[in-house]
Amino acid sequence: INTQPATDREVDFLRQGGERITEARKIWINSGDIQAVDQTGTWEFLGQKWKTVSCDNRWWRNYCRVMVNRIDDQAGA
């Protein structure tokens with residue numbers, strides 16, 4: 001798994017959808033059960049919780065790209 005910050009263009013696209021963007025990141029997954037990755041649920045990495053915004057998981061590729069947004073309220077974390 002590789003994480004990268006979202007580009008300005010990607011953040012602008014997310015804002016057009018009405019989302020409040022705290023921090024957006026891209027997750028690239030290239031091993032494991034890639035077909036099980038979907039657009040529901042949350043992720044936990046870098047000591048924070050993240051919400052899935054979009055998921056590009058095509059069966060003919062050997063990787064999956066997931067765009068996530070950091071969840072604002074992490075009072076219990």
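Student: Contact here means heavy atoms within 4.5 Å; with that in mind, which strands do the buried residues of helix 1 pack against?

Tutor: This is a predicted model, and in it the buried residues of helix 1 pack against strand 2, which spans residues 24–29, against strand 4, and against strand 5, which spans residues 64–70.

Student: Okay, and which are the buried residues of helix 1?

Tutor: Helix 1 runs over residues 8–16, and its buried residues are E10, V11 and L14. Around the helix axis they cover an arc of only 100°, which puts them on the same side of helix 1.

Student: What exposed residues does the face turned away from that buried side carry?

Tutor: That face of helix 1 carries D8, R9, F13 and Q16, which are exposed.

Student: Switching to strands: how do strand 3 and strand 4 run, and how many bridges join them?

Tutor: Strand 3 covers residues 42–45 and strand 4 covers residues 48–56; the two run antiparallel and are joined by 4 bridges. Within this pairing, T42 has K51 of strand 4 standing opposite. The two strands form a hairpin, with 2 residues between them.

Student: Is L46 buried or exposed?

Tutor: L46 is exposed, since its relative accessible area is 58%.

Student: New topic: how many aromatic pairs does the structure hold?

Tutor: There are 3 aromatic pairs in the structure. One of them joins F45 and W50, whose rings are stacked, with 4.8 Å from centre to centre and 5° between the planes. Both F45 and W50 are buried.

Student: And how are the rings of W59 and W60 arranged?

Tutor: Their ring centres are 5.8 Å apart and their planes stand at 90°, so W59 and W60 make an edge-to-face pair. W59 counts as exposed, because its relative accessibility is 68%, and W60 is exposed as well, with a relative accessible area of 56%.

Student: How many disulfides are there?

Tutor: The structure holds 0 disulfides. A disulfide, remember, is a covalent bond between the sulfur atoms of two cysteines.

Student: Last topic, salt bridges: what does the count come to?

Tutor: The count comes to 6 salt bridges. Among them is the one between R25 and E23, where the closest N and O atoms are 3.2 Å apart; R25 is buried, with a relative accessible area of 17%, while E23 counts as partly exposed at 28% relative accessibility.

Student: What does D56 form a salt bridge with?

Tutor: D56 forms a salt bridge with R61, and the closest N and O atoms there are 2.7 Å apart; both D56 and R61 are buried. The side chain of D56 also meets that of R58 in a salt bridge, at 2.8 Å from N to O, and R58 is partly exposed, with a relative accessible area of 36%.

Technical notes: Residues are numbered from 1 along each chain as its sequence is written. This is a predicted model: local features need pLDDT of at least 70, side-chain atom pairs count only at pLDDT 80 or more; totals for chains, interfaces and linings use all residues. Side-chain values use heavy atoms; hydrogens and water are left out. A disulfide is a pair of cysteine sulfur atoms within 2.5 Å. Two strands pair if DSSP finds at least two bridges between them. Rings of Phe, Tyr and Trp (its six-membered ring) pair if their centres lie within 6.5 Å; planes under 30 degrees apart count as stacked, over 60 as edge-to-face and the rest as tilted. Buried means under 20% relative accessible area, exposed over 50%, partly exposed in between (1.4 Å probe, protein chains only). The arc is that of the directions from the helix axis to the C-beta atoms. Contact means heavy atoms within 4.5 Å. A salt bridge is a side-chain nitrogen of Lys or Arg within 4 Å of a carboxyl oxygen of Asp or Glu.
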